[in-house]
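Hi everyone, thanks for coming.

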Amino acid sequence: MLNKLSIRNRIQFGFALVLSLGVLLLLSTMLQTLDQQLQRSERDTMQYLQQAAQDEIRTQQQRALSLSAAIARQPSIQRAFAARDRARLRDELLPVFEYLKANAGIEQMQFHLPPATSFLRLHDPDNFGDDLSSFRHTVVAANQARKNVAGVEEGVAGLGVRGVVPVTENGEHLGTLEMGMSLRQSFADAYKATHAADIGIYRPDGNGFAALISTSDRLLFDVPAMQQAMRGEVVVTRVEHAGRSLAAIAVPLRDYSDKIIGVVTVYADRSAGVAAYQSTVKQTVMIAFAILLAF
């Protein structure tokens with residue numbers, strides 16, 4: 001067929017073919033670049049959101065430590081603890097605990113005798129004397145090392161953020177004082193209200209994962225992805241759920257000793273980014289066709 005064309009037409013046809021291939025290649029490259037930029041933007045957003053969750057947990061740790069240390073340094077508290085005067089500690093600190101519970105999110109306040117025997121629970125004053133050393137490792141560590149210990153740990157009331165400090169009198173180690181905040185649904189709800197993103201904390205449960213707290217109606221990661229996070233990896237993906245395009249991230253949840261004990265998931269709506277991408281794609285394709293038609 002080309003043999004029937006004049007040299008001029010052959011040159012025009014060849015030029016048109018090269019131009020078409022060039023436009024298509026440029027279009028493909030541009031779209032790929034746009035998608036990569038969108039992925040990077042989404043990844044940065046998800047990294048920020050998961051870091052915000054970790055920062056909030058660390059803020060709670062510091063708050064628990066600071067409040068524990070402030071009370072543990074009071075001479076009247078030190079004297080009462082040294083005398084093993086449970087009634088005096090209760091009378092002096094119960095109003096303080098009630099205030100902190102109402103205004104600072106403190107849900108537990110407890111004195112321990114070494115290595116980890118409960119001496120006084122301000123949140124449950126009639127329950128004391130039990131040995132917690134088999135599972136309250138922050139308390140054991142604080143008593144053994146005689147230094148502050150803070151972090152996420154399992155307790156009788158579930159997973160919580162603990163701040164444990166030594167209590168001394170005249171240089172003598174008496175035991176420890178702990179403040180605790182539970183990672184309850186209120187933590188997740190406050191996070192969602194602040195960051196407009198869904199969050200969940202999950203623990204391994206048989207062959208799957210069970211939600212401790214969550215603002216989403218379902219877990220959007222499959223078991224292999226959650227297991228990746230349990231191995232210390234960061235998993236970022238895109239999912240469709242309830243008619244929404246979401247960016248999702250799963251990161252390991254570490255306890256006070258840096259051991260991985262669960263997974264934190266965060267989901268954010270990426271619909272605005274998808275809409276902008278689709279609009280750019282549409283405009284780019286229209287321009288590309290306009291160039292070809294003009295030729």
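Let's start with Leu 94, which counts as partly exposed because its relative accessibility is 28%. On that scale, buried means under 20% relative accessible area, exposed means over 50%, and partly exposed is in between, using a 1.4 Å probe and protein chains only.

Before I go on, a word on the source: this is a predicted model, where local features need pLDDT of at least 70, side-chain atom pairs count only at pLDDT 80 or more, and totals for chains, interfaces and linings use all residues. Residues are numbered from 1 along each chain as its sequence is written, and side-chain values use heavy atoms, with hydrogens and water left out.

Back to Leu 94, then, which sits in helix α3. Helices here are DSSP runs of H or I with at least four residues, strands are runs of E with at least two, and both are numbered from the N terminus. What does Leu 94 touch, not counting residues up to four places away in sequence? The answer is Leu 89, Leu 122 and Pro 125, where contact means heavy atoms within 4.5 Å. Arg 121 is 27 residues from Leu 94 along the chain, and their C-alpha atoms are separated by 9.6 Å.

Now, the helix packing. Two packed helices are described by the angle between their axes and the distance between the axes. Helix α2 covers residues 75-82 and helix α3 covers residues 86-103; they pack at about 150 degrees with axes 8 Å apart. The axes are lines fitted to C-alpha atoms over the stretch in contact, and the angles run from 0 to 180 degrees between N-to-C directions. So α2 and α3 are roughly antiparallel to each other, a label for angles over 145 degrees. On the α2 side, the contact is made by Ser 76, Ile 77, Arg 79, Ala 80 and Phe 81, and on the α3 side by Arg 88, Leu 89, Glu 92 and Leu 93.

Helix α2 also holds Gln 78. Is Gln 78 buried or exposed? Gln 78 is buried, with a relative accessible area of 16%. Leaving aside neighbours within four places in sequence, Gln 78 is in contact with Ala 72, Arg 73, Val 167, Thr 168, Glu 169 and Leu 174. Val 167 is 89 residues from Gln 78 in sequence, but 6.8 Å away in space, C-alpha to C-alpha.

Next, some backbone details. Most residues other than glycine have a negative phi, and most peptide bonds are trans. Here, a cis peptide bond joins Pro 114 and Pro 115, with omega about 0 degrees. Pro 115 is in the loop between β1 (108-113) and β2 (117-121).

Then there's Arg 146, with a positive phi near 55 degrees. Arg 146 lies in the loop between α4 (137-145) and β3 (149-155), and counts as exposed at 55% relative accessibility. Ala 196 also has a positive phi, near 55 degrees. You'll find Ala 196 in the loop between α5 (185-195) and β6 (198-205), and at 67% relative accessibility Ala 196 counts as exposed.

Last, the whole chain. How many helices and strands are there? The chain has 7 helices and 10 strands. Of its 295 residues, 41% count as buried. Among contacts with a separation of 6 or more, residues 24 or more positions apart account for 55%.

That's my tour; questions are welcome.

How values were computed: Parallel < 35°, antiparallel > 145°, perpendicular 65-115°, else oblique.
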